[in-house]
Amino acid sequence: MAMTEQRVSYTLDSSLETIDNAEEKATIIATELGFAEDEVMQISMAVREGAVNAVLHGNAYAPDKKVTLAFERTGDDLVITIRDQGPGMDLSKIPNPLAPENLLKTSGRGIFLMRSFMDVVEIRPSKTGTELKLIKHVHGTSAGGKEASQ
Amino acid sequence: MTMKVSSRQVDGVTIVDCSGRITLGEGSVILRDTVRDILSKGNKKIVLNLQNVNYIDSSGIGELVSAFTTTKNQGGELKLLNLTKKVNDLLQITKLYTVFDVKDDEAAAVKSFK
């Protein structure tokens, strides 16, 4: 669990427990790496939202499909990768949750929150699943996610 | 910590004291069921006291929006009370602060209903 090595990864079921589990792991690892309390909250929340997408929208709770979660320390970055085995996310169908017509929608804010909290968010959909990469600079030089990109 | 709720009546307004986490799964379901139960009893003035809600995810935000619109669609009003900094920040960045009527004083919240 500890980031004594540079990379740790986990293979997890497509369940609600996985979402809580992923969030807890992110909290522990981000704390160990010395992120400030508010950054730890941002990272753990981004991981939670990524796990929700993988379990619900990617794998659709299918018991035969797994979620892989990896944490890697590379230079000045914490790189978190979440992969599912779903049909692949259609990026063109992601609405802008801040648009007036979408403000009262009850879903569609997960990716927006990830982009708000992380420095870089990359989403790579394919027919065999979606790979989500979340990056936070360890020293927080651009905290706030204004440089987020796909 | 899972979510817990308890409801009380103050001058015709139902105040729901919430504590814990409003997240995908149990937390969201508890909030949904609580608001539906209040509305089914004919109580249409609702205040969600979120003073002890320490965490909320996108599903929880969605549930707050759902509670707001469900109440409004039934001719009622739902307001938020005593947001923690985390929840306040989330409502700011999602622009929902402009949608919800947010109060930081219970007596003022109760009086604000028409």
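Begin by colouring chain A by secondary structure: from the N terminus on, its elements follow the order β-α-α-β-β-α-β-β. The model on display is predicted. In total, chain A holds 3 helices and 5 strands. Of its 150 residues, 39% count as buried. If contacts in chain A between residues at least 6 apart in sequence are considered, 70% of them join residues at least 24 apart.

**First stop: helix α1 of chain A**

Select residues 16–32 of chain A, which form α1(A). How far apart are the end C-alpha atoms of this helix? They are 25 Å apart. The 17 residues of α1(A), at 1.5 Å a residue, should span 24 Å, so the two values agree.

Next, show the side chains of A:Thr18, A:Ile19, A:Ala22, A:Glu23, A:Lys25, A:Ala26, A:Ile29 and A:Ala30, the buried residues of α1(A). Turn the view until you look down the helix axis. The buried residues then fall within an arc of 165°, and therefore they line one face of the helix.

**Second stop: where chain A touches chain B**

Now display both chains. The contact between them takes 17 residues from chain A and 16 residues from chain B. On the side of chain A that touches chain B, α1 (16–32), α2 (37–58) and α3 (110–117) each supply at least two residues. Which of the elements gives the largest share? It is α2(A), with 5 residues.

Finally, select residues 58–73 of chain B, the helix α2(B). This helix has 16 residues and reaches 22 Å from its first C-alpha to its last, close to the 22 Å expected at 1.5 Å a residue. The buried residues of α2(B) include B:Ser58, B:Ile61, B:Leu64, B:Val65, B:Phe68 and B:Thr71. The tour ends just after α2(B), at B:Gly75, which takes a positive phi of about 80°.

Conventions
Residues are numbered from 1 along each chain as its sequence is written. Chains are lettered from A and ligands numbered from 1 in the order in which they are written. Two residues are in contact if their C-beta atoms, placed from the backbone, lie within 7 Å. Helices (H or I, at least four residues) and strands (E, at least two) are DSSP runs, numbered from the N terminus. The expected span of a helix is 1.5 Å times one less than its number of residues. A residue is buried if 20 or more other C-beta atoms lie within 10 Å of its own, exposed if 12 or fewer, and partly exposed in between; C-beta atoms are placed from the backbone. The arc is that of the directions from the helix axis to the C-beta atoms.
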